[in-house]
Amino acid sequence: MQVTGLRELFSLVDKRVLVTGASGHLGSEVVRWLVDDGAYVYLLDRDLAQLSVVAKRLEGTGHHQVALFSVDLEQSQEREEFAERLGGITGHLDGIVHNAAFVGTSAGKGWSTSFEKQTLEPWARSLEVNLTAPFHLTQLLMPLLKKSLSPSIVSIGSIYGILGPDWGLYEGLEMGNPAGYAASKGGMIQLTRWFATTLAPHIRANSVSPGGIERLQPKEFVDAYVAKTPLRRMANTQDIVGAIVFLLSDASTYITGQNIAVDGGFSAW
C-alpha cells in the first residue's frame, strides 16, 4: 500500500500541463516525460513545424495526448489569443512550465559579446520573453489554474540568475554570458517568489535553475566547467526534468516559493 501511495503522489496521469518552448532541447524532453506519465500536454512554441516533429516522436508510444500552439511570446496579442484558444479546449489547467527563453541562437549581434558591445534590442527582447511573457501568461491563465484541484507553476531559471559569471570559463572562446539573460533569469526567480506568496494558498509556484547542460560546447569549456563542478560533469536534460516533474506532482504540495538549483553542486562553493 505504501508503494502504491508513493506512485500516486508522483503521478501526473490526466493532469493538464502547458509547456512553453516545447520544441527546444529541454522543453521537448519535458514533454516526453509528461506524456509518458499520462498527462495531457499543451505544447507552445513559435515554429509549428518543429512542434510537429516533437509530437511525431510521441506516436507509437501508447500516449499521444498533446495539442500544438504556434505562439510568438514576444507579442502580447498572440499571448492573449493563445489564452483564449486554450480556454476553449480545456476547463482547467493543472500546471505551467515556463521554459521558453530568448537565447543566443535567435539574438543576433549585440547579445553574446563584451559588455561594451551589448545592445538594447536583445536586452529588451530577453526581458520580454524570459520575464514579461511568464508574468502575462500566468495572469491570462489564472481562470484555468483556479479550476484545478492542485495547480503548480514551474519556471525555468538559471544558475546565472543567482550567480555572477566566471569569465575564465569563456577565455579564448566564442562564447559569452549576456547581461540580459542573467537579469531576466534573476527576475524570473524573484517573480516566482512573488507568485508563491500572492497566488497562495491555492496555486504553488517554484523555479528550477539548471547548471550548464552539455550541448556540444568546445572541449575547453566543458573541461573547465567540469573542473568547477563537484559532481564532475555537466548536466543532461534528464537531470533537469526530474525536478520539474517532482514540482508538478502532488509529491511537492507543501513546496512553494523555492528555487532548486540542479547544477551538480556548481553553486555550492
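This note comments on a strand and its neighbours, a helix, a cavity and a proline in a predicted model.

1. Burial of strand S6. Strand S6 spans residues 204-210 and is mostly covered, with 7 of its 7 residues buried. Arg204, Asn206, Val208 and Pro210 point one way from the strand, while Ala205, Ser207 and Ser209 point the other way. In a regular strand, side chains alternate between the two faces of the sheet. Here the residues of both sets are buried.

2. Pairing of S6 with S5. Strand S5, residues 152-156, pairs with S6 in the parallel sense, and 5 bridges connect them. Within this pairing, Ala205 of S6 has Ile153 opposite.

3. Pairing of S6 with S7. S6 also runs parallel to strand S7, residues 259-262, to which 4 bridges join it. Ile260 in S7 is the bridge partner of Val208, a residue that is buried and points the same way from S6 as Arg204, Asn206 and Pro210.

4. Which residues of helix H8 (residues 219-227) are buried? They are Phe221, Val222, Tyr225 and Val226. These residues lie on the same side of H8 because the arc that they cover around the axis is only 125 degrees. Lys219 and Glu220 are exposed, and they sit on the face of H8 turned away from its buried side.

5. Rolling a probe the size of a water molecule over the atoms shows where empty space is left. For this model, the count is 1 cavity of 30 Å³ or more. The largest cavity holds about 30 Å³ of space. Its lining is formed by Gly110, Trp111, Gln118, Thr119, Pro122, Trp123, Pro178 and Gly180. By class, this lining comprises 4 nonpolar and 4 polar residues, and no charged residues.

6. Pro134 in helix H5. Pro134 is found in helix H5, which covers residues 120-140. Is Pro134 buried or exposed? Its relative accessible area is 5%, and the cut-off for a buried residue is under 20%, so Pro134 counts as buried. The C-alpha atom of Pro134 is separated by 10 Å from that of Ala101, a residue 33 positions apart from Pro134 along the chain.

How values were computed
Residues are numbered from 1 along each chain as its sequence is written. This is a predicted model: local features need pLDDT of at least 70, side-chain atom pairs count only at pLDDT 80 or more; totals for chains, interfaces and linings use all residues. Side-chain values use heavy atoms; hydrogens and water are left out. Buried means under 20% relative accessible area, exposed over 50%, partly exposed in between (1.4 Å probe, protein chains only). Helices (H or I, at least four residues) and strands (E, at least two) are DSSP runs, numbered from the N terminus. Two strands pair if DSSP finds at least two bridges between them. The arc is that of the directions from the helix axis to the C-beta atoms. On a 1 Å grid over the protein atoms alone, a cavity is a set of points where a 1.4 Å probe fits but cannot get out, and a pocket is an open set with protein on both sides within 12 Å along at least five of seven lines; lining residues have an atom within 4 Å of a point. Grid points are joined across faces, edges and corners, and a volume is the space filled by probe spheres set on the points. Ala, Val, Leu, Ile, Met, Phe, Trp, Tyr, Cys and Pro count as nonpolar, Asp, Glu, Lys and Arg as charged, and the others, Gly among them, as polar.
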